[in-house]
Amino acid sequence: MIVGGGPAGMLMGLLLARENIDVLVLEKNKSLERDFRGETIAPGSVYLLKKLGIFRELEKHGFVKVNKIKMYDRDEKLFSVDFDRFDHPQKFGIDIPQPVVLEAIKQQALKHPNFHYIDGALCMDLLKENDQVVGVRYKQEQDVKEIQSQLVIGAEGRFSRIRSLAGFRVKKENFSRDLIWFKVPKPANWEEGNLIKVHKHDHVIILPTYPNYLRVGTYIPLGGSAYIKSKSIDWFIDKVCRIEPRLREPMKEHITSWEDTTLLKIFTAHVDEWAKDGIILIGDSAHTLSPILGQGVNLAMQDAYELLPYVKDGLSTYKNRPIPASHFDEFVSKRKQQVSFVSGFQAQQEQNLAASSLIQCAIRKLKMRVLDRLPFKYAVMEKLQYGIFANEKVEV
Ligand SMILES: Cc1cc2nc3c(=O)[nH]c(=O)nc-3n(C[C@H](O)[C@H](O)[C@H](O)COP(=O)(O)OP(=O)(O)OC[C@H]3O[C@@H](n4cnc5c(N)ncnc54)[C@H](O)[C@@H]3O)c2cc1C
């Protein structure tokens with residue numbers, strides 16, 4: 001059984017159903033729409049969606065191709081990655097509303113009679129016997145129901161409840177800054193891919209977004225709502241447009257008050273062990289990372305893909321007993337390596353964006369220029385963007 005129908009849980013459901021394993025996904029929401037969802041899918045996960053035959057459905061809907069990342073200090077290029085130069089057949093990531101992706105995975109899964117999906121089902125508690133997890137208790141409308149399972153896969157995302165119910169130790173760190181996001185229509189002739197622009201202590205992150213928007217983010221000092229109250233929206237527009245003047249026109253028209261922006265509290269969370277007897281965590285429940293470089297969906301989906309053989313093997317080895325935590329040691333150790341590689345990379349980028357003194361800004365410039373020229377730049381970026389598929393260079 002899987003708790004949570006986000007990228008990790010929904011994909012896990014499909015993968016198990018394809019193997020003729022009976023699987024139930026419990027999702028607390030009635031629809032797949034959410035306040036906020038990661039919308040950029042890295043090339044590694046696009047490759048996976050192609051392998052699973054889901055990408056065709058996404059093509060019918062449409063998406064924005066993401067095939068470049070550039071970092072500028074105002075107009076001076078510091079660092080760039082052109083996905084065409086990756087030694088991998090999948091040359092682009094995509095930007096697409098996450099509900100479209102989840103719906104496509106769900107529809108594919110529903111073709112298998114052993115896939116079951118219950119929405120509006122809030123998982124409230126774990127069922128335990130002899131300290132082992134043997135199922136969950138969930139609420140659907142007014143009814144409270146119990147369901148037993150040999151394995152509970154916790155894919156509830158960053159605010160996971162069963163993570164604490166199962167007694168996992170979580171190391172949560174609040175980010176030292178808050179993030180403001182807003183969306184504006186893409187100006188005419190905008191050819192950029194993902195763009196990071198810095199100048200002195202300021203920066204903006206600009207991501208082309210389906211169908212014809214730019215998603216723009218910038219960090220602000222911690223205590224975002226007090227900050228917002230103390231500044232006018234015109235002050236904010238000036239701050240952003242000093243770094244990227246092309247945003248002035250769309251911002252003037254579409255960002256008329258702070259209500260046109262979204263304030264996000266950023267935190268990271270890491271769980272020491274991801275498994276206990278009868279339960280394993282994947283996706284954001286196991287590792288909540290910073291949104292920078294858009295890797296959360298990639299990690300979540302690849303957790304599911306990599307977990308599949310361990311679940312298959314565990315279900316047959318342990319028959320009707322809960323699968324012991326030790327069965328997943330190898331899986332957890334492999335995934336932790338990838339998560340720590342990604343979070344290390346993100347920490348570097350966060351540090352770049354946090355530079356404020358003249359010296360820090362000069363070091364940032366030098367560091368990014370040197371990195372840009374390193375011969376192994378593409379090998380490192382491949383590991384980040386493709387994850388477990390970095391070495392699987394077969395056209396699908
Ligand atoms: C500002 C921001 C921008 C981001 N941008 C990107 C991006 O562009 N690209 C990217 O790859 N990642 C991005 N991310 C991260 C990305 O959204 C997550 O990493 C990803 O969604 C994790 O997938 P998941 O399946 O683990 O969890 P989630 O997507 O959080 O899914 C969890 C699911 O579980 C359900 N659920 C929760 N509790 C219960 C319960 N008790 N019972 C039943 N169901 C429950 C929820 O409703 C939800 O559907 C961003 C994150 C932030 C904060």
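Which residue stands opposite Ala-121 in E10? In this predicted model, the residue of E10 that stands opposite Ala-121 is Gln-140. The two strands concerned, E9 (residues 121-129) and E10 (residues 132-140), pair in the antiparallel sense over 8 bridges. They form a hairpin with 2 residues between the strands, and within that hairpin Asn-130 takes a positive phi near 50 degrees.

**Sheets and strand pairing**

Strands of a sheet pair through backbone hydrogen bonds, either parallel or antiparallel. Inside the order, strand E12 (residues 152-154) runs parallel to strand E19 (residues 279-281), the two being joined by 3 bridges, and Ile-153 has Ile-280 of E19 as its bridge partner.

Another open sheet has 3 strands in the order E3-E7-E4, with antiparallel pairing. Its edge strands are strand E3 (40-41) and strand E4 (64-66), each of which pairs on one side only. Between E3 and strand E7 (residues 93-95) there are 2 bridges in the antiparallel sense, and the bridge partner of Ile-41 in E7 is Ile-94.

| Strand pair | Sense | Bridges |
|---|---|---|
| E9 and E10 | antiparallel | 8 bridges |
| E12 and E19 | parallel | 3 bridges |
| E3 and E7 | antiparallel | 2 bridges |

**Domains and their interface**

The chain is divided into domain 1, made up of 2-39 + 97-169 + 272-352, and domain 2, which spans 173-266. The C-alpha centres of domain 1 and domain 2 lie 32 Å apart, and the contact draws 8 residues from domain 1 and 11 residues from domain 2.

The size of an interface is often given as the accessible area lost when the parts come together. For domain 1 and domain 2 the buried area is about 800 Å², with 66% of it on carbon and sulfur atoms.

Polar and charged interactions across this boundary can be listed individually. The rule finds 1 salt bridge across the interface of domain 1 and domain 2, and the count of residue pairs in polar contact between the two domains, with both residues at pLDDT 80 or more, is 1. On the side of domain 1 that touches domain 2, the residues comprise 4 nonpolar, 2 polar and 2 charged ones. Lys-183 forms a salt bridge with Glu-39, and the closest N and O atoms of that pair are 4.0 Å apart.

Terms used: Residues numbered from 1 in each chain as written. Predicted model: local features only at pLDDT ≥ 70, side-chain atom pairs only at ≥ 80, totals over all residues. Heavy atoms only, no water. Domains from an automatic or database assignment. Contact = heavy atoms within 4.5 Å. Buried area = accessible area lost by both parts, 1.4 Å probe. Salt bridge = Lys/Arg side-chain N within 4 Å of Asp/Glu carboxyl O. Polar contact = N/O pair within 3.5 Å; in protein donor to acceptor, adjacent residues only side chain to side chain. Nonpolar A, V, L, I, M, F, W, Y, C, P; charged D, E, K, R; others polar. Pairing = 2+ DSSP bridges. Helix = DSSP H or I, 4+ residues; strand = E, 2+ residues; numbered from the N terminus.
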